[in-house]
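I opened the file and kept notes as I went. The entries follow the order in which I looked things up.

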Amino acid sequence: MGRVSRRPTLTSRTAVLGLVAGALLLLLALPVRSWVEQRNEIAALDAAVSAQRDRVAALQHEQARWADPAYVAAQARQRLHFVQPGEVGYVVLDPQVVTPAASPTVGAAVTSADGPWYAALWDSAKRAAGEQPAVTPSPTVKPPVRPDAPR
């Protein structure tokens, strides 16, 4: 029988090669991590730029619509209830919104207010805040007295 040579499995060459490979792996880990982070940031910025471009396109489309005088007139009619000279504007309230039970108490209080407009406004603000309106005496109107009138 021949002699079996036993070679060590871990030689100094293998150890040095392992150390070099480990050092290279550590040296490359940080730049690869930075590269991945930068790619993610670039993707996020691309998405933001795309969203801003879409917004700019929508605003340019809106600006083009506002350049049309017919669109401006239609928007003024719809939003501000403007009418052309000679027209009469009407506002139709939805009958489901105004209930008859709620209207008389509010309407009666507003229409029964005698006195100056600011007193009615103040009473309305108090009523909205939940307070009872103060009873304000109606102002008595005194006839003007002329200085040369007989007494």
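**Entry 1: overall make-up**

How many helices and strands does the secondary structure of the protein come to? I counted four helices and zero strands. Read along the sequence, I get the pattern α-α-α-α. I note that this is a predicted model, so I looked up the confidence next.

**Entry 2: confidence**

The average pLDDT of the protein is 81, and 72% of the residues score at least 70. Which element has the lowest mean pLDDT, and which the highest? Helix α3 (residues 102–111) is lowest at 51, and helix α1 (residues 12–66) is highest at 96. Where pLDDT is low, the predicted coordinates should not be read in detail. I keep that in mind for α3, given its mean of 51.

**Entry 3: surface**

Of its 151 residues, 5% are buried. The accessible surface is about 14300 Å², and carbon and sulfur atoms hold 64% of that. I also looked for a nonpolar patch on the surface and found one formed by V16, V20, L24 and L27. Together these four have about 380 Å² of accessible area. I placed V16 in helix α1.

**Entry 4: salt bridges**

How many salt bridges does the structure hold? I found three.

I took R33 and E37 to begin with. Their closest N and O atoms are 3.5 Å apart. Both residues lie in helix α1, four residues apart, which is about one turn of the helix. An α-helix has 3.6 residues a turn, so residues three or four places apart point the same way. R33 is exposed at 53% relative accessible area, because the cut-off for exposed is over 50%. E37, at 45%, is partly exposed.

I then turned to E62 and R65, whose side chains meet at 2.7 Å, N to O. This pair is also in helix α1, three residues apart, or about one helical turn. E62 is partly exposed at 27% relative accessibility, and R65 is partly exposed at 34%.

The remaining entry on my list was R77 and E87, which meet in a salt bridge of 3.0 Å, N to O. Where do these two lie? R77 is in helix α2 (residues 69–80) and E87 is in the loop between α2 and α3, so the pair ties together parts ten residues apart in sequence. R77 is partly exposed, with a relative accessible area of 37%, and E87 is partly exposed, with 38%.

**Entry 5: helix α4**

I moved on to helix α4, residues 117–129. It has 13 residues and reaches 18 Å from its first C-alpha to its last, close to the 18 Å expected at 1.5 Å a residue.

Which residues of α4 are buried? I noted A119, D123 and K126. Why do they sit on the same side of α4? They cover an arc of only 60° around the axis, which puts them on one and the same side of the helix. The face of α4 turned away from this buried side carries the exposed residues W117, Y118, L121, A128 and A129.

I also checked what comes just after α4. There, G130 takes a positive phi of about 100°.

Technical notes. Residues numbered from 1 in each chain as written. Predicted model: local features only at pLDDT ≥ 70, side-chain atom pairs only at ≥ 80, totals over all residues. Heavy atoms only, no water. Expected span 1.5 Å × (residues − 1). Buried < 20%, exposed > 50% of the residue type's maximum accessible area, 1.4 Å probe, protein only. Arc of directions from axis to C-beta. Areas by Shrake-Rupley, 256 points an atom, 1.4 Å probe, with all protein chains shown as cover. pLDDT = per-residue confidence, 0-100. Patch = residues over 30% accessible without salt bridge, like charges linked within 9 Å, V, L, I, M, F, W, Y side chains within 5 Å.
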